[in-house]
Amino acid sequence: MEIIKVIKSTLEHVKDLQGDLRPADILEVERSSKHSADYCLEKGFRDSYKCWTITLNDKSMAIFGINTPSLMSDVGVPWMLGRSGLFEISSIRKKVLSQSKFYIREMSKGFKTMENYIDIDNKVSIKWLKFCGFSFDAPIKYGNNDELFQRFHKGEV
């Protein structure tokens, strides 16, 4: 029996997920950052105001949260990194879709807007963000090698 939960993240969840992230997430981090995906996962966790883990039978499957570019900013930066094969498990897809809008509202509290950038090749994540009501700007050159990314954003929820 599959038991799927969304719970407050801990460092143990981060450690459980490191080393087995989705190839699309790894590629996106490599294209946008000078750090490894595992490093960015831990930094995202440590820097987030709110952070949750999706678990399947107590195994960390994805971690998501929101941080901000500065203490004085009213812009929230949402993020999510998931385990390899995450969205191939239909029960997790259903859980994520059914609870996404609730967690987007929870993340947005205290921020005027939310925004981040996404690799245009991260198709599954783009589809999910559109489902969640985010808008997208035209692709721009971004990151380490001027790869194409899109800014996604959402005003007050």
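**Notebook: pockets, salt bridges and a surface patch**

I started with Arg-151, which counts as partly exposed at 22% relative accessibility. The model is a predicted one, and I kept that in mind throughout.

Arg-151 pairs with Glu-115 in a salt bridge, with 2.9 Å between the closest N and O atoms. I checked where the partners sit. Arg-151 is in strand 8 and Glu-115 in strand 5, 36 residues apart, so the pair links distant parts of the chain. Glu-115 is partly exposed as well, at 23% relative accessibility.

**Other salt bridges**

How many salt bridges does the structure hold? I noted twelve. I looked up Lys-109 next. Lys-109 forms a salt bridge with Glu-106, and the closest N and O atoms are 2.8 Å apart. Glu-106 is partly exposed, with a relative accessible area of 21%. That value falls in the partly exposed class because buried means under 20%.

Then I turned to Asp-25 and Arg-22. Their side chains meet in a salt bridge of 2.8 Å, N to O. Are these two residues buried or exposed? Both Asp-25 and Arg-22 are buried.

I also found a network. Salt bridges link Arg-31, Asp-119, Asp-121 and Glu-147.

**Largest pocket**

I moved on to the pockets. The largest pocket holds about 940 Å³ of space. Its lining counts 38 residues. Which of them lie nearest the centre of the largest pocket? I listed Val-77, Pro-78, Trp-79, Asn-116 and Tyr-117. Several elements give two or more residues to this lining, among them helix 2 (23–32), helix 3 (37–47), strand 5 (113–119) and strand 8 (147–154). Strand 4 gives the largest share, six residues. By class, I recorded 22 nonpolar, ten polar and six charged residues in the lining of the largest pocket.

**Second largest pocket**

The second largest pocket has a volume of about 180 Å³. I wrote down its lining: Phe-87, Arg-93, Val-96, Leu-97, Val-124, Lys-127, Trp-128 and Phe-131. Helix 4 and helix 5 each supply at least two of the lining residues. Helix 5 gives the most, four residues. The classes here are six nonpolar, no polar and two charged.

**Surface patch**

Last, I looked at the surface. Tyr-49, Leu-71 and Met-72 form a nonpolar patch there, with about 460 Å² of accessible area together. I placed Met-72 in the loop between strand 3 (59–67) and strand 4 (75–82). Met-72 has a relative accessible area of 79% and is therefore exposed.

Definitions and conventions:
Residues are numbered from 1 along each chain as its sequence is written. This is a predicted model: local features need pLDDT of at least 70, side-chain atom pairs count only at pLDDT 80 or more; totals for chains, interfaces and linings use all residues. Side-chain values use heavy atoms; hydrogens and water are left out. Patches are made of residues with over 30% relative accessible area and no salt bridge: like charges are joined within 9 Å, nonpolar side chains (Val, Leu, Ile, Met, Phe, Trp, Tyr) within 5 Å. Accessible areas come from the Shrake-Rupley method with a 1.4 Å probe; for residues, only the protein chains shown count as cover. A salt bridge is a side-chain nitrogen of Lys or Arg within 4 Å of a carboxyl oxygen of Asp or Glu. Buried means under 20% relative accessible area, exposed over 50%, partly exposed in between (1.4 Å probe, protein chains only). On a 1 Å grid over the protein atoms alone, a cavity is a set of points where a 1.4 Å probe fits but cannot get out, and a pocket is an open set with protein on both sides within 12 Å along at least five of seven lines; lining residues have an atom within 4 Å of a point. Grid points are joined across faces, edges and corners, and a volume is the space filled by probe spheres set on the points. Ala, Val, Leu, Ile, Met, Phe, Trp, Tyr, Cys and Pro count as nonpolar, Asp, Glu, Lys and Arg as charged, and the others, Gly among them, as polar.
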